[in-house]
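Please inspect the sequence and the structure before reading each solution.

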Amino acid sequence: MSAPTIPSDFVGRAVSVAAADGIDLAPALAAARISRAVLAQPHARLTPEQVSLFTRSVWQITDDELFGLGAGSVPRGSFRIMTLTLIHCPDLAHALTRMIEVNRVLQGLPRLSLTIGETSTYLDVALPEHVTEKTRVAVDFLLMLLHRFAAWLVGGRIPLVSVSLPYAEPDPILARSYDAIFGIPVTFDAGRAALEMDNSAMRSPIVRTEESLETYLRDSPNLMLSERDYESSVSSQVRRIFESGIQGRTATTDEIADMLAVSPPHLRRLLRHEGTSLGRLREEVLCDLAIAGLRRGEPVDDLSARLGFSEPSAFRRAFKRWTGNTPRAYRAPA
């Protein structure tokens with residue numbers, strides 16, 4: 001399975017926010033081999049490895065696990081301390097409750113709250129009086145971290161009922177990236193920053209140990225960025241089907257519908273509801289595989305043939321359409 005690429009906009013906004021605070025993240029970009037040409041295109045794509053290297057470098061530069069985005073400093077090791085306090089909880093509900101208790105002690109982190117209803121539970125990130133670009137970067141990072149770490153704790157998917165974000169919807173391409181990150185269509189301008197989870201997920205037992213936690217923390221944030229087992233949307237299932245056959249004959253619409261036990265028209269309706277289509281998903285898979293190949297140093301001619309293009313020029317045109325850049329911009333430096 002190919003690792004999902006990440007819009008450069010997520011890194012670009014972090015760099016802009018840091019610059020406004022007088023922090024130069026150029027060394028972090030260099031460490032991750034993220035070129036200014038790629039960063040200048042919000043729809044360009046970055047690999048999880050690049051974003052992970054960037055994040056680790058920012059941690060070193062700022063000596064802050066929230067990159068200076070919180071009300072105060074979040075010392076290195078804070079996340080480790082928090083996770084160690086909840087790894088022995090019996091289930092997700094108890095773990096999240098314990099996390100809220102620890103959150104009150106770690107002053108630099110935004111306040112978290114848990115609201116348990118009859119059928120679902122909301123995990124909210126408290127918002128400042130004025131939502132700024134810094135708020136947006138912090139909320140994006142925290143909600144993704146909370147969702148994916150919760151899924152890791154229980155060793156399986158945690159389908160979300162809803163995701164609420166307090167700022168305006170970005171352009172459609174970036175909005176779809178949010179949908180892909182969380183596995184469902186995201187609600188913007190919601191007046192809150194929250195994940196809504198079904199209460200059945202809250203009863204999921206914690207299956208991880210202190211030993212596996214140490215491995216997770218050592219590889220963080222790469223596992224958080226590259227893991228996709230939590231995804232349960234129709235589009236994620238279709239994407240996996242495309243990935244499994246991309247080097248051979250691509251599955252047809254009828255074959256994909258049959259694999260998912262739905263009719264072809266219903267499959268198209270489901271994907272349309274998720275804001276995507278079979279053609280768009282296939283191109284996203286091709287784009288991710290192309291970027292991964294270029295980062296490994298695979299020649300364009302070989303990559304073009306492997307991905308099923310009739311000739312390298314057709315691959316270059318498609319790549320320019322997908323990313324706004326030429327393959328050369330993604331080539332790993334010698």
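The model is predicted.

**Exercise 1.** Determine which strands pair with β6, and in which sense.

Solution. Begin with strand β6 itself, which spans residues 193-198. Strand β4 (residues 120-125) pairs with β6 in the antiparallel sense over six bridges; within this pairing, D124 has A194 as its bridge partner. Next, turn to strand β5 (residues 160-164), which is joined to β6 by four bridges and also runs antiparallel to β6. Here the bridge partner of L160 is M197. As to burial, five of the six residues of β6 are buried.

**Exercise 2.** Classify D9 and R13 as buried or exposed, and describe their contact.

Solution. The side chains form a salt bridge, with an N to O distance of 2.9 Å. Both residues belong to helix α1 (residues 8-20) and lie four residues apart, about one turn of the helix. The cut-off for a buried residue is under 20% relative accessible area. D9, at 13%, is therefore buried, and R13, at 7%, is buried as well.

**Exercise 3.** Describe the salt bridge of E283 with R321 and the accessibility of each partner.

Solution. The N to O distance is 2.6 Å. The pair links distant parts of the chain, with E283 in helix α15 (residues 278-295) and R321 in helix α17 (residues 312-323), 38 residues apart. E283 is partly exposed at 30% relative accessibility, whereas R321 is exposed at 54%.

**Exercise 4.** How many salt bridges does the structure hold?

Solution. The structure holds 11. One of them joins R306 to E298, with the closest N and O atoms 3.0 Å apart.

Methods:
Residues are numbered from 1 along each chain as its sequence is written. This is a predicted model: local features need pLDDT of at least 70, side-chain atom pairs count only at pLDDT 80 or more; totals for chains, interfaces and linings use all residues. Side-chain values use heavy atoms; hydrogens and water are left out. Buried means under 20% relative accessible area, exposed over 50%, partly exposed in between (1.4 Å probe, protein chains only). Helices (H or I, at least four residues) and strands (E, at least two) are DSSP runs, numbered from the N terminus. Two strands pair if DSSP finds at least two bridges between them. A salt bridge is a side-chain nitrogen of Lys or Arg within 4 Å of a carboxyl oxygen of Asp or Glu.
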